[in-house]
Amino acid sequence: MSRTDNTDMATYGSEAHVALPSQFLTFMLADEQYAVGILHIKEIIEYGSLATVPMMPDCVRGVINLRGAVVPVMDLSARFGRGQSIIGKRSCIVIVEACGEDGANKQVLGMLVDAVNAVVEITAGDIEPAPSFGTRIRPDFIAGMGKLTDKNSGRFVILLDIERVLSSEEIVDMARGAVAAA
C-alpha cells in the first residue's frame, strides 16, 4: 500500500493505480480474520457440491455452476499452504471478480472460506503496510493490515491482494507441475 499526496486515498495491493476501497468484507480462515475490498465481491453463496477437476492443485477445490457459468472455486486455506479446509455449517463460497496479471482480463472465481463476518469500514489512515515477515501467508498476498476501530479496538485484519492470491497464471503453473509430477 502506498499513499498519494495530500489526500486520504491510498493504493491497494498490486493495483497501484486504483484508489483504496473504504469498505471490506471480512471472513475467517481457521482462527484468523481476513478482508477483501467490497468492490471485488459479486456475491456470497452457501457451500454446495463441487465438481472436481482432475490434476488440479490442492488449492483448486473444484468448479460450480453459477447460473450457467463454470466458476472455479479456490480453497484459500490450501492456497495459503495450510491444507484443505474442513467444511462446516458456516462454510461458504465468496464469488469475486479479479483482474488478470495484465490488468485487463477479468475473471470470476469462488473463494472457499470458513465463515463470512461482516462488511467493515476502514479508512486509508487505518491501514498499515504489510509486514515483511511473521505472517502465516506469503507477504505478497497481503495488501496491508487494517486497524479495526469498533468494539474490537486494537485488532488488525489482513487485507488480501486478491489479484495475487487468485492469480490464474500461478494456478496454471501449479497445475502443470501437478501433471508433470503425475
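This briefing covers the fold, confidence and a few selected residues of one protein model.

The model is predicted: local features need pLDDT of at least 70, side-chain atom pairs count only at pLDDT 80 or more, and totals for chains, interfaces and linings use all residues. Residues are numbered from 1 along each chain as its sequence is written, and side-chain values use heavy atoms, with hydrogens and water left out.

**Overall make-up**

- The protein has 3 helices and 13 strands. Both are DSSP runs numbered from the N terminus: helices are H or I with at least four residues, strands are E with at least two.
- Of its 182 residues, 45% count as buried. Buried means under 20% relative accessible area, exposed over 50%, and partly exposed in between (1.4 Å probe, protein chains only).
- The accessible surface is about 9,600 Å², and 53% of that belongs to carbon and sulfur atoms. Areas come from the Shrake-Rupley method with a 1.4 Å probe; for residues, only the protein chains shown count as cover.
- Among contacts (heavy atoms within 4.5 Å) between residues at least 6 apart in sequence, 56% join residues at least 24 apart.

**Confidence**

- The average pLDDT is 80, and 76% of the residues score at least 70. pLDDT is the predictor's confidence in each residue, from 0 to 100.
- Residues 1-12 have pLDDT below 50; beyond near neighbours in sequence, this stretch has 35 contacts in the model.
- Residues 14-18 are also below 50, with 9 contacts in the model beyond near neighbours in sequence.

**The open sheet**

- An open sheet of 6 strands runs in the order β10-β3-β4-β13-β12-β11, with mixed pairing. Two strands pair if DSSP finds at least two bridges between them.
- β10 (115-121) and β11 stand at the edges with a single partner strand each, so one side of each lacks a neighbour in the sheet.
- β3 (residues 23-29) pairs with β10 in the antiparallel sense over 5 bridges. Phe-24 stands opposite Val-120 in β10.

**Loop residues with positive phi**

- Most residues other than glycine have a negative phi.
- Ala-30 has a positive phi of about 55°. It lies in the loop between β3 and β4 (32-37) and is exposed, at 53% relative accessible area.
- Met-55 has a positive phi of about 60°. It sits in the loop between β5 (41-46) and β6 (60-66) and is partly exposed, at 48%.

**Pro-129**

- Pro-129 is in the loop between β11 (127-128) and β12 (142-148). It is exposed, with a relative accessible area of 51%.
- Not counting residues up to four places away in sequence, Pro-129 touches Gly-144 and Met-145.
- The C-alpha atoms of Pro-129 and Gly-146 are 8.9 Å apart, across 17 residues of chain.
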